[in-house]
Amino acid sequence: MPLGPWRKKNKSTKEHLVENEEVSGGHAGVGSLSKSTVNGAGLPPPPANQRPKLVFHTQLAHGSPTGRIEGFSNVKELYAKIAEAFNITPPEILFCTLNTHKIDMDKLLGGQIGLEDFIFAHIKGIRKEVEVYKSEDALGLTITDNGAGYAFIKRIKEGSVVDGVKVINVGDHVECINGRNIVGTRHYEVACMLKELPKDKSFTLKLVEPMKSFEMLEPRSKGAKPASDNKIGTGRGTLRLRSKGPATVEEEPTEFEEKAIKKVDDLLESYMGIRDTELAATMVEVGRDKKNPDEFAMALDETLGDFAFPDEFVFDVWGAIGDAKQGRF
């Protein structure tokens with residue numbers, strides 16, 4: 001495994017939502033609700049006529065008519081379809097939540113969408129510039145990203161440095177740090193940049209908050225609670241979106257998978273200051289049939305070459321997957 005946690009190794013219409021729909025043909029494992037293996041080869045998106053023929057309902061979170069979208073294989077294509085439905089541009093979309101218009105990080109769209117899930121798109125609202133005095137080593141922020149180049153705040157730790165800056169909120173997109181534009185920077189890199197800011201000095205953040213409807217103007221939220229027991233998706237099957245390779249239709253996560261994914265996501269936050277259920281799900285899938293930590297570490301390198309995970313983190317993830325298999329948590 002490479003050294004250091006932060007170094008990168010390599011530089012429309014249907015009447016109803018689909019219920020357990022099967023797609024004919026043998027394209028990329030989409031033919032039935034069955035499990036697929038991780039494809040680390042970085043395959044290009046399949047042709048439009050080979051993509052899952054699923055229809056989803058969507059709205060803009062601050063209020064809009066209902067739109068219908070289909071024919072996407074990854075998050076960027078999903079945003080493009082939503083933008084087309086509402087006559088906006090894809091860069092206006094900050095993130096999406098499932099089955100709620102509220103900025104609820106427990107309902108954040110990650111790598112899976114239930115076949116009956118309703119998608120709410122949160123678009124750019126007010127821009128703000130904030131000066132923060134870093135009085136402690138840790139700011140108390142958990143960072144995630146939308147899969148299309150925007151890092152944003154997923155959680156604020158109670159009593160932390162940032163918790164004392166009331167204009168910073170969960171859901172805010174981090175656009176600039178000390179004048180440096182970080183659009184297109186992955187969440188783990190943004191978390192590292194914030195961690196490395198010198199203590200006892202001030203720094204400046206440029207943030208973009210999601211547009212809110214009147215009814216969404218409510219007391220500030222601290223974001224997703226790590227101990228929550230929310231399931232991924234609400235439909236009887238899920239559409240799994242992948243950053244590399246085609247989307248696949250799969251069964252709902254098993255109890256083992258849900259517990260393992262949650263534990264790995266917790267470890268990502270603990271070690272790297274990020275939460276990413278898609279990344280956690282990929283790691284669980286990679287480790288499902290591996291016999292030892294070394295085999296698991298090699299598989300992670302092959303599948304997630306952009307990351308350089310520290311050895312201790314890999315061992316802890318391996319242990320978490322093993323504990324989930326044995327039903328120990």
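Predicted model: local features only at pLDDT ≥ 70, side-chain atom pairs only at ≥ 80, totals over all residues.
A residue counts as buried here when its relative accessible area is under 20%.

**The hairpin**

Strand 6 spans residues 141-145 and is mostly covered, with five of its five residues buried. The partner is strand 7 (residues 151-156), which pairs with strand 6 in the antiparallel sense over five bridges. Within this pairing, Leu-141 stands opposite Ile-156 of strand 7. Five residues lie between the two strands of the hairpin, and Gly-147 takes a positive phi near 80°.

**The helix pair**

Now to helix 3 and helix 4, whose axes come within 8 Å and cross at roughly 120°. An angle over 145 degrees would count as roughly antiparallel and one of 65 to 115 as roughly perpendicular, so helix 3 and helix 4 are oblique to each other. The crossing of helix 3 past helix 4 is right-handed. The residues that meet are set out below.

| Helix | Span | Residues in the contact |
|---|---|---|
| Helix 3 | residues 255-272 | Phe-256, Ala-260, Ile-261, Val-264, Asp-265, Leu-268 |
| Helix 4 | residues 277-287 | Thr-277, Leu-279, Ala-280, Ala-281, Met-283, Val-284 |

By class, this contact of helix 3 with helix 4 holds 10 nonpolar residues, one polar and one charged.

Conventions: Residues numbered from 1 in each chain as written. Heavy atoms only, no water. Axes fitted to C-alpha atoms, helices over the stretch in contact; angles between N-to-C directions. Helix = DSSP H or I, 4+ residues; strand = E, 2+ residues; numbered from the N terminus. Parallel < 35°, antiparallel > 145°, perpendicular 65-115°, else oblique. Left-handed = near helix turned anticlockwise from the far one by under 90°. Contact = heavy atoms within 4.5 Å. Nonpolar A, V, L, I, M, F, W, Y, C, P; charged D, E, K, R; others polar. Buried < 20%, exposed > 50% of the residue type's maximum accessible area, 1.4 Å probe, protein only. Pairing = 2+ DSSP bridges.
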